[in-house]
Amino acid sequence: MRNLIICIVLLSIAAPALARVPEQTWMSVLLDGRKIGHMLDTRKVSGDQVITTQSMEISIERAGISISFGNEETSTETLAGKPLGFVSRSKISGIESVVRGILRDDGQIDVTTEVGGAKQTRVMPWPKGALLAEGLRLSGARTGLKPGAQFSDLAFQSSSLDAVEVHSLVRDSESVDLPSGRRELVRVEQNIKLPGMASHTQAWVDADQTVYKVIMPLMGFNLTMLACDKSCALAPNQSTDMLTQMLVHAPHALSKDELAHGIKITLQATDNSEPLTITQTDEQRLMDASSGRATLNIMPLLDGMPGSGEDKPIAADFQPTDWLQSTAPEIVKLAKQGVGNAITPADRMHNLQEFVRHFIRNKDLSVGYASALEVAKNPEGDCTEHAVLLAALGRASGIATRVVDGMAYTDHYAGKDNVFVPHAWAQAWIDGRWQSFDAALAGFDAGHIALSVGDGDPWRFYSGLGSLGRIRVSAIAPLVPAP
């Protein structure tokens, strides 16, 4: 599942925040004990600058189809840890995106992004107090490893161009099994406060604060990194199919009436690590919530129905983004084709939904995460490619849109009956409410559970996915009982 994108960012925060990074450190990456990739950290001092690079490559399977991910984060800082610049390169199934930033003396950043062949530049403020790799390393070194010691930092994520709070707590030393043998290491717990979710990691370090092991929960799995030599890190990966393990079983088959008119559904967390994070939309209302439990009413909006009072769109919801390139000539041309003679926003979105459904000819899971412009040029992919293209075409037609990530019900998938599968779709501001459109399936119905909404940027797109892998459906009932 593409949701592993976000773990690359998390690990790039967790490891440098603690490590006295040697010139080169290799690590093996495992998911629930199965090797899925490797990571390499390098740190180079050049004159009065420190250049730190962390690269990770992993591969997983989705329903038997192999997907590769790569990420490289390079930061340039002074010897004292002052940020100077950064470069982030991400590659998913061969599709690359690049983010570059140079810090100016006035506290602003000159940012250049390249996604899907489209290059954009802008200026944005540097988050006050945010640190890159060397600054995080120095902060940990100043605190030391006395049991009970605590420290907090603001870690800048170059991939998503924002900063997150990282709180660290030093625990006692423990004997830890590593590929090279057992070592006595100090355990450090970290809480990384990503938007819409929190990630709790554990790292084991030596007296010099070099990281030897990291464990991070991820959608019901444990992601583990172990320091080892190069041959160990580059050893062949093992087959790991995340998607089939993330399916959520429904208590019973959903009828056509339930899907068309609405359901009341109760979700239960399979663990107690964090409360469930469930978004509310005009179609999905949170009726009851307690620790690890949430009850929702989900009802599709028919044309002309009023919404439930969700916030109106802001200017940014109409505008292009790095991943929804709605002003690109290719997108504008497709939008005109898709809209046809439709006049009202509702009719335009319905036409665009059908257009995208037929335009993306090759429906498969081999595409990692493509931007709208990439899909316009190469019409293939799964639900996310349908969602980002539909959202971009809506914006090109003057309609506010956003991308939704969550789960959708199907009566059969990957040999399983009556399950909810990870899914994505689009929402548009229609007649004073946010209405969903799903070009990958037969349209939106009450079998869609929204977990997060965003602007198509994959780093924010997955902000609500901390709940995936730790959800079960404990009850479903029709909103309107059958006569």
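These are my notebook entries on one predicted protein model.

**Ground rules**

I number residues from 1 along each chain as its sequence is written. In this predicted model, local features need pLDDT of at least 70 and side-chain atom pairs count only at pLDDT 80 or more, while totals for chains, interfaces and linings use all residues; side-chain values use heavy atoms, with hydrogens and water left out.

**Entry 1: the whole chain**

I looked up the secondary structure and found 10 helices and 26 strands. Both are DSSP runs numbered from the N terminus: helices are H or I with at least four residues, strands are E with at least two. The protein has 483 residues, and 58% of them count as buried. Buried means under 20% relative accessible area, exposed means over 50%, and partly exposed lies in between (1.4 Å probe, protein chains only).

I then looked at contacts, meaning heavy atoms within 4.5 Å. Among contacts with a separation of 6 or more, 60% link residues 24 or more positions apart. The exposed surface comes to about 19600 Å², with 51% of it supplied by carbon and sulfur atoms. These areas come from the Shrake-Rupley method with a 1.4 Å probe; for residues, only the protein chains shown count as cover.

**Entry 2: a four-stranded sheet**

I traced an open, antiparallel sheet in the order β18-β19-β17-β26. Strands β18 (284–290) and β26 (471–478) are at its edges with a single partner strand each, so one side of each has no neighbour in the sheet. On average, neighbouring strands here are turned by 20° against each other, direction ignored. Two strands pair if DSSP finds at least two bridges between them. For β17 (residues 263–269) and β19 (residues 293–298) I noted six bridges in the antiparallel sense. Lys-264 is opposite Asn-297 of β19.

**Entry 3: β6, β7 and β8**

I followed β6 (residues 95–103) into β7 (residues 108–115); they pair antiparallel over seven bridges. Their hairpin has four residues between the strands, and Gly-107 in the turn has a positive phi of about 85°. β7 also runs antiparallel to β8 (residues 118–125), joined by eight bridges. This second hairpin has two residues between its strands, with Gly-116 in the turn at a positive phi of about 60°.

**Entry 4: Thr-53**

I found Thr-53 in strand β3 (residues 49–62). Thr-53 has 18% relative accessibility and therefore counts as buried. Leaving out residues up to four places away in sequence, Thr-53 touches Leu-40, Asp-41, Thr-42, Glu-72, Glu-73 and Thr-74. With Thr-74 there is also a side-chain polar contact of 3.1 Å. A polar contact is a pair of N or O atoms within 3.5 Å; within protein, one must be able to donate a hydrogen and the other to accept it, and residues adjacent in sequence count only if both atoms are side-chain atoms.

**Entry 5: two helices**

I checked α6 (residues 329–339) against α9 (residues 383–396): their axes come within 9 Å and cross at roughly 85°. That makes α6 roughly perpendicular to α9, a term for angles of 65 to 115 degrees. Axes are lines fitted to C-alpha atoms, for helices over the stretch in contact, and angles run from 0 to 180 degrees between N-to-C directions. Ile-331, Val-332, Leu-334 and Ala-335 of α6 meet Leu-389, Ala-392, Leu-393 and Ala-396 of α9.

Methods: Parallel < 35°, antiparallel > 145°, perpendicular 65-115°, else oblique.
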